[in-house]
Amino acid sequence: MRKIPVYSHPAAGWPALISSTRKLMDYQTFLRGSLSVLKSNQPKGGFDCPGCAWPDHKSHKMIDVCENGIKVIASETMSKKADAQFFARYTVTELQGWSGYELEHSGRLSEPVYYDATQDRYVPISWEAAYKRIAEQLAQLDSPDEALFYTSGRVTNEPAFMYQLFVRCFGTNNLPDCSNMCHEPTSVMLGKQLGVGKATVMLEDFEQAKLILMFGQNPATNHPRMLEMLAHAHEQGCRIISINPMREQGLSKFRNPQKPTHMAAGQSDDMVDDVIQIQIGGDTALLTGIAKWLIENDKINNDFIATHTSGFEPLKQWLTEQSWADIELGCGIAQTEIINIAKLVANSPATICTWGMGITQHVQGDDNVAMITNLLLLMGMIGIDGAGASPVRGHSNVQGDRTMGIHERPGQALLDSLERVFERPMPQEDGLDVVAGAKALIAGKLKVFMSMGGNYAVAAPDSSAIQQALTTTQLNIFVGTKLNETMLYPGANNLILPCLGRTERIITAKGEQFATIEDSMCQIVPTQGNLKPVSDTLKSEAQIVADIATHVLGADSLIPWQAMSEDFDIIRDYVAQAIDGFENFNERIRAAERGFHLYHPARHRIWNTDSGKAQFEVPQYPITYVAAQMAETSSTFTDDARATNSIDDDQDDDQGNAQKDDQKVWQLTSVRSHDQFNTMIFGFEDRYRQTNRRDVLFMHPDEMSRLGWQAGDHVVVSRQASPNSSNNTDSKDKPRTLGPLVLTKMDIASNAVATYYPECNDLFDLDTHAPDSHIPAYKSTTVVLQRVHASSKASDKASNKAKNNVDALPAFA
C-alpha cells in the first residue's frame with residue numbers, strides 16, 4: 001500500500017478551538033458570536049444550535065456546542081450587512097460570478113429588496129409593497145399548483161406549521177423540503193416498516209449499546225457532537241464499526257474540549273474499533289451477506305419475528321437465492337470479513353444501527369434503509385434499551401418541519417386533522433417533491449417559486465438548469481438570512497425578504513417569544529435567541545408568513561394569522577389540536593429543562609403499519625447493481641472515448657502499457673468538507689483530509705500508481721448523461737463534465753473517487769433517484785476520468801501559494 005497522508009491528531013481538541021476562534025474573527029463577530037456560543041444548546045433561555053440535529057445530553061454544560069456549530073453561529077451573527085449599499089455596488093450578473101464562499105461572506109440580508117431588470121440590481125422595497133406584489137402574482141395563477149413552496153430545515157416548528165397551513169389554505173400540497181434531498185429513504189422506509197419514519201432510539205441508548213454499526217457517516221465533519229457519545233460508548237465497552245468507502249481520520253480518536261486531562265495533558269479517547277471500506281453503493285450487498293449468514297446459522301430472534309413481524313418468509317427466500325460471489329462483487333468485502341461482522345451482530349445483546357446520507361443518497365437508498373431495518377428486526381433490536389434505528393439528520397429542524405406538516409405527500413390523518421381544527425377543506429392531491437418540482441420548473445409548468453430558507457438550485461441536481469428555469473417564472477420569493485446562488489437568477493418578479501436568525505430575539509407586541517425544534521431522536525426542545533437583531537427591518541419567519549397569508553387569503557381567511565405571529569403560544573395551541581403527540585404543548589415545553597420526547601410507537605413495539613406488525617422488505621435492486629452500472633457505463637463509451645482515460649502522450653511506454661488493463665470507469669461520491677455546512681461554504685480547510693482547496697478529486701494512492709498518475713495532476717470527470725434527462729433534449733449525447741480537479745490522496749475504496757458537494761451537482765441529474773423516495777443519487781454515480789495535464793513544480797508552487805491565501809483559492813460559483 002502506498003503511503004497516505006494521515007491526520008495524526010485526535011478529532012476536536014485544540015485545533016477545533018483554534019479553528020472556531022479564527023472563524024469568529026473571520027466573520028468579524030468575535031464578541032457578538034462568542035456571546036451566542038455561550039447560549040447555544042442551553043436548557044433555559046438558550047437557543048438550539050442552527051447546525052446539525054444531534055440531540056442535547058441531559059447533563060448541563062457551560063459550553064455545549066461543536067466546532068461546526070460555532071461556524072454556523074459565526075455566519076449568522078456577523079454584523080456585516082448585504083444591504084441597499086451592497087446591492088448598489090454590484091449587478092446581479094456580477095454576483096452570479098461570485099463563489100459560494102464569497103456570497104456567504106457578503107453579509108446578513110438586512111432589508112427587503114426586489115430585482116430591477118433595468119438596472120440589473122436588487123433595489124429596496126417596502127414590506128407592504130412586497131406583500132402586495134406577492135398577492136397580485138399569486139392571484140393571477142390559473143391553479144395554486146402552479147406555485148412551489150420550498151422549505152429549509154433551519155425553519156423552527158412554529159413558522160413551519162404556519163407556512164404549511166398557509167400553503168394548503170392557498171390550495172396546494174406543493175411543499176418540498178430539504179428532506180427530499182437527504183433522509184427521504186429513511187422517512188419512507190422506516191414509515192413503511194416500523195410505522196414512523198424516525199429514529200427509534202434516544203440518546204441514553206448509546207450509553208447501553210454493546211455494538212454500534214455506523215453506515216455512511218462522517219460525524220467528525222458533519223455532526224461533531226456525536227463524537228463525545230461514541231467515545232463514551234466505547235469506554236463503556238461498546239464495539240463500534242464504521243462502514244464507509246472512505247477511512248475518515250476524524251473517527252480514530254477524540255480529544256474532548258470538555259475534559260481538562262484531554263486539553264492540558266494531551267489525552268484522547270478511542271472511538272471506532274474497525275473501518276469496513278465498502279465499495280460505494282455496496283451497503284445492501286453487505287447487509288445481505290450479514291442477514292444471509294444469520295438466518296442460515298439460526299442466529300436470529302425467532303420469537304420476536306413470530307410475534308412482531310410480517311414478511312419474513314419472502315425475505316428469507318430472497319436471501320437464500322443470493323450467492324456469496326454476488327455479495328462479494330456487490331460490496332467489495334470478502335465473505336470471511338462479512339461473516340465476522342455477522343458474528344458480532346449475533347453476539348450483541350444491544351445493537352444500534354446509525355446512518356447518514358452515505359446510506360440514503362443512492363438509487364438504491366430505499367433498499368439500504370430497508371436492509372438496515374431488516375437486520376434490526378431479525379435480531380429483535382427494536383423496542384429494547386440500548387438498541388434500535390438511529391438515522392442522524394443533518395439540519396437542525398428538518399425532522400420537526402416534517403412533523404409540523406411540511407410534506408408534499410401528507411398522510412390523510414394530517415389533512416383530516418387540519419380540516420377539523422381550521423374548518424376549511426385541504427387539498428387532497430399529492431404535491432411536487434424537490435425532484436418533480438425542479439422538473440416542473442425546467443419544463444415551464446411553474447410560475448411561482450417560494451423558498452423559506454435554503455439554497456434550492458444549488459442543493460439539487462441539475463443546478464444550472466434549475467437556475468436558468470428560475471429566470472422564466474413570474475415570481476420568485478426568497479426568505480432568508482444570507483445571500484445565496486439561487487437568489488441570483490431572477491424571474492419577472494424577484495423578492496428577497498430578510499428574516500431573523502436563530503440567535504436573535506423575537507420581540508412582538510405580546511413580548512419576547514420562543515420557538516421549538518425537534519432533534520434527530522424526537523426530542524422537542526425550546527429555542528430562544530439572545531441577540532439584538534442585526535437590523536431593525538428584519539421580521540420573524542412567523543411574521544412574514546402571517547403577512548403573506550393575510551394579503552393573499554384576505555377576508556376569505558378566518559385563521560388569526562397576525563395573532564399567531566405575535567403570540568407563539570397560540571400557534572402551539574393549534575399544533576396541540578392538529579398534530580398527534582403534541583397534546584398540552586405549551587405546558588409540556590415549559591415543564592422540563594430539555595423539553596419532551598415525542599411518543600414513538602415502535603419503541604414500545606406498537607406497529608402503525610398496514611399489517612399492524614413490523615414489516616420485512618425485499619430489496620428492489622439486485623445487490624450487484626453498482627457493478628452492473630459500471631459495466632454498462634463502460635460499454636457506452638467508445639474505445640476512443642475510453643482511451644482518453646489513459647496516460648498523457650508525454651509519458652513513457654512502460655507507464656502507457658501499465659494503463660491498458662486499468663478499470664475504465666469509476667464510482668464517484670460527493671462529500672462535504674470540514675469547513676462547510678450543507679451548501680454554506682465557511683472556508684477552504686478540510687483539516688482531517690488535509691487539503692485547503694475545494695477543486696479536488698480524492699483517489700487512493702495505489703490507484704494513482706496503477707495509472708501512472710500522481711497527486712497534483714489535473715483530471716476532468718465525465719459522466720454519461722441520462723437519456724431521460726429533463727434539462728435538454730439531446731442530453732443523451734452530452735456527457736456531464738466537471739473540472740479540471742486536482743488529484744488528491746485519500747484512503748478510499750478501490751475504483752472509487754470523491755469530490756465536494758455542491759460543486760459537483762451538475763454531474764447528477766434529476767432522473768437518477770430512488771424509486772419510492774425519489775432521493776437524488778448524490779453518493780453514487782459512474783464516471784470516467786481524463787488527466788488533462790500532469791503535476792509540475794509550477795502548479796505545486798501555485799497550490800502552496802493558494803494554501804496560504806484564501807483569495808487565491810479556486811472556488812466554483
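Which residue in the hairpin of β4 and β5 takes a positive phi? The legends below begin with that hairpin.

This is a predicted model, in which local features need pLDDT of at least 70, side-chain atom pairs count only at pLDDT 80 or more, and totals for chains, interfaces and linings use all residues. Residues are numbered from 1 along each chain as its sequence is written, and side-chain values use heavy atoms, with hydrogens and water left out.

**View 1. The hairpin of β4 and β5.** Asp120 takes the positive phi, near 55 degrees, in a hairpin with four residues between the strands. Strands β4 (residues 113-116) and β5 (residues 121-124) run antiparallel and are joined by four bridges. Tyr114 stands opposite Val123 in β5. Strands (E, at least two residues) and helices (H or I, at least four residues) are DSSP runs, numbered from the N terminus; two strands pair if DSSP finds at least two bridges between them.

View 2. Four bridges connect β20 with β21 (residues 523-527), and Ala515 stands opposite Thr527 in β21. Axes are lines fitted to C-alpha atoms, for helices over the stretch in contact, and angles run from 0 to 180 degrees between N-to-C directions; contact means heavy atoms within 4.5 Å.

**View 3. The contact of helices α13 and α16.** The axes of α13 (residues 283-296) and α16 (residues 324-331) come within 8 Å and cross at roughly 145 degrees. Ala285, Leu286, Thr288, Gly289, Lys292 and Trp293 in α13 meet Trp324, Ile327, Gly330 and Cys331 in α16. By class, this contact has six nonpolar, three polar and one charged residues. Ala, Val, Leu, Ile, Met, Phe, Trp, Tyr, Cys and Pro count as nonpolar, Asp, Glu, Lys and Arg as charged, and the others, Gly among them, as polar.

View 4. Thr503 is in the loop between β17 (494-498) and β18 (506-508). Thr503 is buried, with a relative accessible area of 0% (buried means under 20%, with a 1.4 Å probe and protein chains only). Not counting residues up to four places away in sequence, Thr503 touches Ser36, Phe47, Ile73, Glu76, Thr77, Gly529, Asn530 and Leu531.

**View 5. The largest pocket.** The volume of the largest pocket is about 1,300 Å³. Among its 39 lining residues, Gly195, Val196, Gly197, His407 and Gly411 lie nearest its centre. Helix α9 gives the largest share of the lining, five residues. The lining divides into 12 nonpolar, 17 polar and 10 charged residues. On a 1 Å grid over the protein atoms alone, a pocket is an open set of points with protein on both sides within 12 Å along at least five of seven lines, a cavity is a set of points where a 1.4 Å probe fits but cannot get out, and lining residues have an atom within 4 Å of a point. Grid points are joined across faces, edges and corners, and a volume is the space filled by probe spheres set on the points.

**View 6. The largest cavity.** The whole structure has seven cavities of 30 Å³ or more. The largest cavity holds about 640 Å³ of space. Of the 38 residues that line the largest cavity, His395, Gly454, Asn678, Thr679 and Met680 are the closest to its centre.

Note on methods
Buried < 20%, exposed > 50% of the residue type's maximum accessible area, 1.4 Å probe, protein only.
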